[in-house]
Amino acid sequence: AKAKAIRAIECEEEEETETAHVVPSQEISSVVRDLTDRLESMRTCYDLITKHGAALQRALNDLETNEEESLGSRTKIVNERATLFRITSNAMINAGNDYLHTAEAQGHKWSKMLHHEREQRQRLEEIIEQMAKQQSQMEQAAVLVRQNKPVSSSSGAGTAGSLVTSDEEMEFFDAEEHGYSGSGRSPESPDCERGTFILKMNKRRSSSEDQVEGHLEGSSSESDEQKRTVQTVQQVCLVSAPRVASGGQGDDDDDVDKALPAKESAESIYGRNWNPDLIKKRRDRVPDKPNHPISLWGIMKNCIGKDLSKIPMPINFNEPLSMLQRLVEDYEYTEILDYAATCQDECEQLAYIAAFTVSAYATTTNRTGKPFNPLLGETYECDRMDDYGWRCLAEQVSHHPPVAALHCESKNWTCWQEFSMTSKFRGKYVQVNPLGGVYVQFPNSGRRYSWRKVTTTVNNIIVGKLWVDQHGEMEIRGSQAAEGHKCILNFIPYSYFSRDVQRSVKGVVMNKDNEVKWVVRGTWDMKIEIAPVLKTSGSVSSPTYTTGEFKLAWRRRPAPPDSDKFYNFTTLACQLNEEEEGVAPTDSRLRPDQRLMEQGDWDESNKEKLRLEEKQRTERRRREAEAEEAAAEGRPYPAYEPMWFKREKEEGSEE
């Protein structure tokens with residue numbers, strides 16, 4: 001900051017340097033008084049001009065009417081009046097010029113002052129951020145010094161057993177760099193590196209102490225059962241168990257691949273062997289997004305505090321996919337579920353399911369476009385048995401509130417969900433609170449698991465670059481054959497001054513006796529790693545877990561080349577709206593407004609979108625009028641029935 005200030009002084013003119021300082025309050029008062037005095041002088045000149053102008057007019061009238069009097073005396077009077085008028089006019093012009101020059105000079109000065117203040121604030125924010133990073137680095141160095149370790153970037157990144165370390169973790173989750181080979185310490189060293197994290201859990205008042213209820217941070221769908229919960233916070237410490245060197249291969253750079261199950265490599269997807277001859281040829285991109293500028297504030301200023309699902313929005317904020325298609329993207333990494341279906345241990349299976357739930361958020365880091373709101377009765381059918389091994393069907397089952405239902409099935413598992421949400425525009429950001437549950441069942445073992453999605457926040461709506469954050473607590477509960485097992489995941493909100501890596505996820509898997517058996521760590525935009533707990537020690541409020549070696553449970557696939565030109569779509573997202581023959585008339589692929597947007601005809605797409613929305617509103621008003629008429633006549637009126645789904649009470653719960 002000092003060097004930047006010196007460079008600014010050297011390159012600025014003397015006048016700009018002087019005016020860059022903050023104007024004292026006394027000088028401001030003096031300037032205001034000066035301007036007030038000059039304005040009063042202008043008013044006085046105006047009064048004199050009015051007075052002498054009237055006198056000059058009277059003298060001219062007398063000159064015309066009194067011809068018998070001496071012409072010389074009348075001319076003298078007119079000249080005197082004209083002279084006075086000219087003098088007062090010049091005084092008025094001079095006073096106006098003085099006022100204008102003073103105002104312009106001070107305006108320039110105050111403009112520079114405001115510009116200087118703005119730059120000072122920006123520099124202060126940069127300094128604070130730099131100080132936070134430097135403090136984190138100093139703490140990292142202090143930790144390494146206490147552990148008698150060399151202070152270097154290679155050894156300060158952490159080891160396999162630390163879930164959250166107190167050092168700088170910007171690269172902590174990069175397995176290629178850390179390589180869980182134990183090279184950062186001697187295998188025989190008893191002083192293993194430690195890590196800590198905060199675990200938040202909700203206990204029900206009405207149940208036994210070992211029953212833990214799920215909690216959705218910021219969700220507006222809080223049930224009475226959730227309101228009876230009490231949140232408990234644990235300070236968890238993890239210690240990695242020392243590893244035994246294996247024949248000099250501890251420094252192998254291929255540790256990421258070895259972290260996968262033994263039969264797979266990083267290039268394959270959990271060992272799935274795809275036959276290219278059986279896979280349908282699909283597109284790998286969509287047309288580039290056209291550049292259509294739009295005034296965000298002009299549209300959004302009337303939306304503050306309102307539910308976005310009830311506001312007609314132009315497609316400039318959209319991406320050419322329906323919400324039904326966006327939900328199908330949750331199943332891009334179902335190879336994790338395929339592998340989880342082979343797990344015999346419930347806790348290990350639950351750890352992989354936790355990785356799958358996190359993978360659904362991978363594309364939200366740079367996907368800021370809003371999906372099209374599905375029309376009532378709109379469906380989407382997707383058959384990917386040839387490559388992904390699953391097929392699914394989604395339908396919009398309610399208009400107000402908007403609710404979508406989805407069913408996805410594979411050979412070894414079945415998944416379904418009911419998705420709704422509340423969204424509020426708060427001026428600087430949009431907050432989306434998902435409602436409804438997600439379920440997965442493994443028919444071979446009879447185990448079933450359910451969870452709710454966390455809160456999504458889209459920041460910098462008006463000014464700046466849009467960015468998305470996921471935050472809150474997610475609890476994955478087991479039922480049926482997995483009754484009592486649960487996984488608690490904490491999605492850490494973005495923090496400007498946090499020493500922790502951003503977008504991080506941390507959690508534990510517990511058996512039916514509330515004993516922690518697995519730990520989960522990673523980031524929701526890149527990768528998730530899991531490790532078994534070998535030993536538990538410490539108190540209940542501050543337990544210490546000794547973990548085994550972490551292994552990679554999920555890693556995000558690289559984005560397609562130039563994906564920033566076509567809405568940051570993944571390859572799967574590009575294929576979801578690809579035209580197919582034989583789909584239902586209600587399929588999302590056949591929506592004209594969505595297709596027009598994909599093809600780049602945004603003007604026609606906006607018109608078509610308004611037409612479809614108005615048609616839907618007209619139909620809803622017709623049904624409401626018929627319902628009122630039926631109620632007045634005392635006869636029942638059938639509610640809207642979806643085509644492919646029906647609503648039932650969830651077994652064993654109030655959902």
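I count rings of Phe, Tyr and Trp (its six-membered ring) as a pair if their centres lie within 6.5 Å; planes under 30 degrees apart are stacked, over 60 edge-to-face, and the rest tilted. With that rule, my search of the whole structure gives 10 aromatic pairs.

**Ground rules**

I am working on a predicted model, where local features need pLDDT of at least 70, side-chain atom pairs count only at pLDDT 80 or more, and totals for chains, interfaces and linings use all residues. I number residues from 1 along each chain as its sequence is written, and my side-chain values use heavy atoms, with hydrogens and water left out.

**Entry: aromatic pairs**

For each pair I note two values, because a pair of aromatic rings is described by the distance of the centres and the angle of the planes.

I looked up Y333 and W554 and found ring centres 5.6 Å apart with planes at 80°, so I logged the pair as edge-to-face. Y333 sits in the loop between α9 (323-328) and α10 (335-340), while W554 belongs to strand β20 (residues 551-555), so this pair ties together parts 221 residues apart in sequence. I take helices (H or I, at least four residues) and strands (E, at least two) as DSSP runs, numbered from the N terminus.

My cut-offs here are under 20% relative accessible area for buried, over 50% for exposed and partly exposed in between (1.4 Å probe, protein chains only).

Next I checked Y361 and F491, an edge-to-face pair with 5.5 Å centre to centre and 70° between the planes. Y361 is in the loop between α11 (346-359) and β5, and F491 is in strand β15 (residues 486-491), so the pair ties together parts 130 residues apart in sequence. Both Y361 and F491 are buried.

I also noted a cluster in which ring pairs link Y331, F356, Y388 and W390.

**Entry: a charge over a ring**

I found the charged end of R521 over the ring of F550, 3.8 Å from its centre. The test I used asks for NZ of Lys or CZ of Arg within 6 Å of the ring centre and within 35 degrees of the ring normal.

**Entry: salt bridges**

I call it a salt bridge when a side-chain nitrogen of Lys or Arg is within 4 Å of a carboxyl oxygen of Asp or Glu. How many salt bridges does this rule give? The count comes to 39.

I opened D386 and R282, whose side chains meet in a salt bridge at 3.2 Å, N to O. D386 is in the loop between β6 (379-384) and β7 (390-398) and R282 in the loop between α7 (255-259) and α8 (296-300), 104 residues apart. D386 is partly exposed, with a relative accessible area of 25%, whereas R282 is buried at 19%.

R591 and E378 came next, a salt bridge with the closest N and O atoms 3.2 Å apart. R591 is in the loop between α12 (571-576) and α13 (592-598), and E378 is in the loop between β5 (370-372) and β6, so the pair ties together parts 213 residues apart in sequence. R591 is buried at 7% relative accessible area, and E378 is buried at 4%.

Then I looked inside a helix. E598 and R595 form a salt bridge, their closest N and O atoms 3.1 Å apart. Both residues lie in α13, three residues apart, about one turn of the helix. E598 is buried at 5%, and R595 counts as buried at 9%.

Last, I logged a network of salt bridges that links K280, E580, D587 and R589.
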